[in-house]
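Here are my notes on the model, as numbered points. Please read them with the structure open.

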Amino acid sequence: MRRADDYADYLKLDRILDAQEPLTEPAHHDEMLFIIQHQTTELWFKLVIHELTSAMEHIRADELEPCFKILARIKHIQTTLMQQWSVLATLTPSEYAEFRHVLGTASGFQSRQYRLVEFLFGNKNERMLGMHERDEPAHAALLEAYRSPSVYDEFLRYLSRKGLPVPASHVERDWTRPYEPSDEVIGVFKTIYEDRATYWDSYEMCEKLVDIEEAFTLWRFRHMKTVERIIGYKQGTGGSPGVPFLKRIIEHRFFPELWDVRTHIGAETG
């Protein structure tokens with residue numbers, strides 16, 4: 001086992017700190033902010049993928065308890081990512097316009113790690129695979145996630161193994177197809193929420209999943225407002241749709257029945 005020579009060696013700081021290469025000539029002051037903002041985001045995405053993959057392995061092994069800390073960590077990462085937008089929001093429209101041209105066709109929309117997070121959460125889109133065909137490792141990872149159950153699918157399968165009446169259509173299906181919400185799944189979650197003592201682990205897991213979806217939605221909202229603040233309604237770089245698209249995806253729900261069940265809990269006494 002190799003031991004690090006020092007702090008810089010352990011963290012590979014020479015590689016990390018040499019990875020910021022502004023393209024403007026002379027270098028525009030604010031391009032460094034733009035580069036570091038997106039590089040740190042990608043590092044946090046890497047950790048989200050690492051943690052989420054581990055959580056899914058635990059679910060498949062019928063071990064929910066280890067997931068609680070993992071998903072709590074993901075929530076805190078997402079909160080950090082959301083707060084990070086406030087740093088980029090210090091970039092004014094005129095400052096960004098002075099170096100935007102050097103981005104060429106580069107766009108955050110092309111982030112393979114962001115796309116993998118979306119796939120692991122269950123929001124899959126076959127068209128997005130084509131964007132990464134020339135990057136074989138990235139394409140292979142995305143293709144595997146595209147064809148496999150999401151974290152939500154894995155949780156529903158776990159509940160079925162524990163004897164709860166999850167419909168067969170949600171236990172084994174074509175995982176590449178869009179998820180279809182089910183009244184029967186709402187009923188399963190209603191049972192869990194109304195009998196917490198019996199289903200405590202599942203109840204806790206439900207809330208942890210709601211936590212990470214809520215945090216992800218807040219991150220998306222902050223992303224949209226930051227883009228609107230800096231470029232308004234112009235098209236994004238690389239032909240990305242910009243603010244109108246970002247507004248639409250805020251409404252997307254990864255775990256729909258976990259939100260729908262809230263309308264039904266206590267409704268009979270209400």
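1. Second largest pocket, lining by element. Helix α3 contributes the most here, giving nine residues to the lining of the second largest pocket. Keep in mind throughout that this is a predicted model.

2. Second largest pocket, size and residues. Its space comes to about 460 Å³. The lining counts 13 residues, and Ile16, Gln39, Thr40, Glu42 and Leu43 are the ones nearest the centre of this pocket. Sorted by class, the lining holds six nonpolar, five polar and two charged residues.

3. Largest pocket, size and centre. The largest pocket holds about 1300 Å³ of space. It has 45 lining residues, and those closest to its centre are His38, Ser107, Gly108, Phe109 and Thr237.

4. Largest pocket, elements and classes. Two or more lining residues come from each of α3, α4, α6 (112-121), α11 and α12 (243-250). Which element gives the most to this lining? Helix α3 does, with eight residues. The lining of the largest pocket splits into 22 nonpolar, 16 polar and seven charged residues.

5. Cavity. How many cavities of 30 Å³ or more does a search of the whole structure find? The search finds one. The volume of the largest cavity is about 50 Å³. Its lining is made by Phe45, Val48, Gln78, Leu81, Val117, Phe216 and Trp219. Helices α3 (31-60), α4 (65-88) and α11 (200-231) each give two or more residues to that lining. Six of the lining residues are nonpolar, one is polar and none is charged.

6. Salt bridges, overall. The whole structure has 15 salt bridges. One network of salt bridges links Arg60, Glu154, Arg157 and Glu172.

7. Arginine 112 and aspartate 135. These side chains form a salt bridge, with 3.4 Å from N to O. The two residues are 23 apart and join distant parts of the chain: arginine 112 sits in helix α6, aspartate 135 in the loop between α7 (126-130) and α8 (136-147).

8. Arginine 220 and glutamate 118. Here the side chains meet in a salt bridge at 2.5 Å, N to O. This pair also links distant parts of the chain, with arginine 220 in helix α11 and glutamate 118 in helix α6, 102 residues apart. Both arginine 220 and glutamate 118 are buried.

9. Glutamate 194 and lysine 190. Their side chains meet in a salt bridge of 3.0 Å, N to O. Both residues belong to helix α10 (residues 183-194), and they are four residues apart, about one turn of the helix. Why do the two partners fall into separate accessibility classes? Buried means under 20% relative accessible area. Lysine 190 has 17% relative accessibility, so lysine 190 counts as buried. Glutamate 194 has 46%, so glutamate 194 counts as partly exposed.

10. Leucine 258. This residue lies in helix α13 (residues 256-264). Its relative accessibility is 0%, so leucine 258 counts as buried. Which distance separates the C-alpha atoms of leucine 258 and glutamate 207? The separation is 8.4 Å, for residues 51 apart along the chain.

11. Surface patch and leucine 11. Tyr7, Tyr10 and Leu11 make a nonpolar surface patch of about 390 Å². Leucine 11 is placed in helix α1 (residues 7-11). Why is leucine 11 called partly exposed? Its relative accessible area is 32%. Exposed means over 50% and buried means under 20%, so a value in between is partly exposed.

Methods. Residues numbered from 1 in each chain as written. Predicted model: local features only at pLDDT ≥ 70, side-chain atom pairs only at ≥ 80, totals over all residues. Heavy atoms only, no water. Patch = residues over 30% accessible without salt bridge, like charges linked within 9 Å, V, L, I, M, F, W, Y side chains within 5 Å. Areas by Shrake-Rupley, 256 points an atom, 1.4 Å probe, with all protein chains shown as cover. Salt bridge = Lys/Arg side-chain N within 4 Å of Asp/Glu carboxyl O. Buried < 20%, exposed > 50% of the residue type's maximum accessible area, 1.4 Å probe, protein only. 1 Å grid on protein atoms, 1.4 Å probe; cavity = no way out; pocket = protein on both sides within 12 Å on 5 of 7 lines; lining within 4 Å. Points joined across faces, edges and corners; volume = space filled by probe spheres on them. Nonpolar A, V, L, I, M, F, W, Y, C, P; charged D, E, K, R; others polar.
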